[in-house]
Amino acid sequence: MNPVRHIACRADNEGIAVATTGKMALIRGRFLWNMSPLRPEMERFMQFRVLAAATALLSVMAMPAFAEGDPVKGAKVFKKCKACHVVEEEKNRVGPHLVGIIDRPVASVDGFKYSKAMIEFGADGKVWDVETLTIYLKKPKDLIKKTSMAFAGLKKDADIENVVVYLQDPSAAE
Ligand code: HEC
């Protein structure tokens, strides 16, 4: 067998990117190709397809709302919130439950007694998007001076990133 005459090249490349821009977008790419020097026109066609897929993936990754982070590390960070918050069921403790908190309207849990400051903050229809949540968790009282959330904040940006990713999908940490 002469390996030069017929090169069978198989590459498997699976890319998954999850991005949030209000709604979840899931992009999954799988390329599989066979290159043979005998069929150059086929080879060109495949190169084009791989390039197109890579471009699509890159443009998703470049979205500003793309949250990177590690949900397992985020679950550990969430221990700091657990004294007051539940995320796995709609149960209020000292603080409101955090089920579906990403993009949830501010101060919107029925039956939870929010501070006046939090109600005012959400009065114009604000939601807890990744950006607002990131600012809040850094130093809650910097964003909402009179919030009743007695929590100093998370100093490390990586902790915030990770806990936000965890809150987005707590099952990802299992
Ligand atoms: C000592 C208790 C306590 C801790 C610890 C705490 N929170 Fe809170 N949290 C509260 C309270 C109370 C509120 C309601 C604040 C208000 O009404 O001003 C709140 C509100 C919030 C809100 C707004 C919810 C809504 O429905 O608008 C978010 C988001 C939030 N907390 C996330 C977190 C995260 C994430 C952590 C951990 C990094 C954390 N909190 C730690 C008590 C706490």
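This is a predicted model: local features need pLDDT of at least 70, side-chain atom pairs count only at pLDDT 80 or more; totals for chains, interfaces and linings use all residues.
E90 lies in the loop between α2 and α3.

E90 counts as partly exposed, because it has 14 C-beta neighbours inside 10 Å. Setting aside residues up to four places away in sequence, E90 touches H97 and V99. G100 is ten residues from E90 along the chain, and their C-alpha atoms are separated by 9.5 Å.

C84 also lies in the loop between α2 and α3. C84 has 15 other C-beta atoms within 10 Å, so it is partly exposed. Its contacts, leaving aside neighbours within four places in sequence, are R93, V94 and G95. A150 is 66 residues from C84 in sequence, yet the two are 9.5 Å apart in space, C-alpha to C-alpha.

Phi of D103 is near 70 degrees, a positive value in a residue other than glycine. Phi of A107 is near 55 degrees, again positive in a residue other than glycine. D103 is partly exposed, because 17 other C-beta atoms lie within 10 Å. A107 is partly exposed as well, with 18 other C-beta atoms within 10 Å.

E120 has its place in helix α3. With 14 C-beta neighbours inside 10 Å, E120 counts as partly exposed.

The table sets out the C-alpha pairs.

| Pair | Separation in sequence | C-alpha distance |
|---|---|---|
| E90 and G100 | ten residues | 9.5 Å |
| C84 and A150 | 66 residues | 9.5 Å |
| E120 and I144 | 24 residues | 9.4 Å |

**The overall layout**

How many helices and strands does the protein have? It has six helices and two strands. From the N terminus on, the elements run β-β-α-α-α-α-α-α. The protein has 174 residues, and 16% of them count as buried. Consider the contacts between residues at least 6 apart in sequence: 55% of them join residues at least 24 apart.

**Helix α6**

Helix α6 covers residues 157-168. Its twelve residues should span 16 Å at 1.5 Å a residue. The end C-alpha atoms are 17 Å apart, which agrees.

Is α6 largely enclosed or largely open? Ten of its twelve residues are buried, so α6 is largely enclosed by the rest of the structure. The buried residues are D159, I160, E161, N162, V163, V164, V165, Y166, L167 and Q168. What covers them includes α2 (71-77) and α4 (130-138).

**Helix α4**

The buried residues of α4 are V130, L133, Y136 and L137. They cover an arc of only 130 degrees around the axis, so they lie on the same side of α4. Take L137 from this group. Leaving aside its neighbours within four places in sequence, L137 is in contact with G153, L154, I160 and V163. Of these, I160 and V163 are among the buried residues of α6.

**The nonpolar core**

In soluble globular proteins, nonpolar side chains tend to be buried together. Here, the largest nonpolar core has 17 residues. Those with the most contacts inside this core are L133, L137, V163, V164, Y166 and L167. Which helices supply at least two residues each? They are α2, α4 and α6. The largest share, six residues, comes from α6.

**Around the ligand**

The ligand is surrounded by 28 residues. The closest are C81, C84, G95, S115 and M118. Among them, C84 is the loop residue described above, and G95 is one of its contacts. Two helices contribute to the shell: α3 (116-121) and α4 each supply at least two residues. How do the shell residues divide by kind? There are 21 nonpolar, six polar and one charged.

**In brief**

Helix α6 is largely enclosed, because ten of its twelve residues are buried. Helix α4 is part of what covers α6, and α4 supplies at least two residues of the ligand shell. The loop between α2 and α3 holds C84, one of the residues closest to the ligand.

Note on methods: Residues are numbered from 1 along each chain as its sequence is written. Helices (H or I, at least four residues) and strands (E, at least two) are DSSP runs, numbered from the N terminus. The expected span of a helix is 1.5 Å times one less than its number of residues. A residue is buried if 20 or more other C-beta atoms lie within 10 Å of its own, exposed if 12 or fewer, and partly exposed in between; C-beta atoms are placed from the backbone. Two residues are in contact if their C-beta atoms, placed from the backbone, lie within 7 Å. A nonpolar core is a set of buried Ala, Val, Leu, Ile, Met, Phe, Trp, Tyr and Cys residues joined through C-beta atoms within 7 Å. The arc is that of the directions from the helix axis to the C-beta atoms. A residue is near a molecule or strand if its C-beta atom, placed from the backbone, lies within 6 Å of it. Ala, Val, Leu, Ile, Met, Phe, Trp, Tyr, Cys and Pro count as nonpolar, Asp, Glu, Lys and Arg as charged, and the others, Gly among them, as polar.
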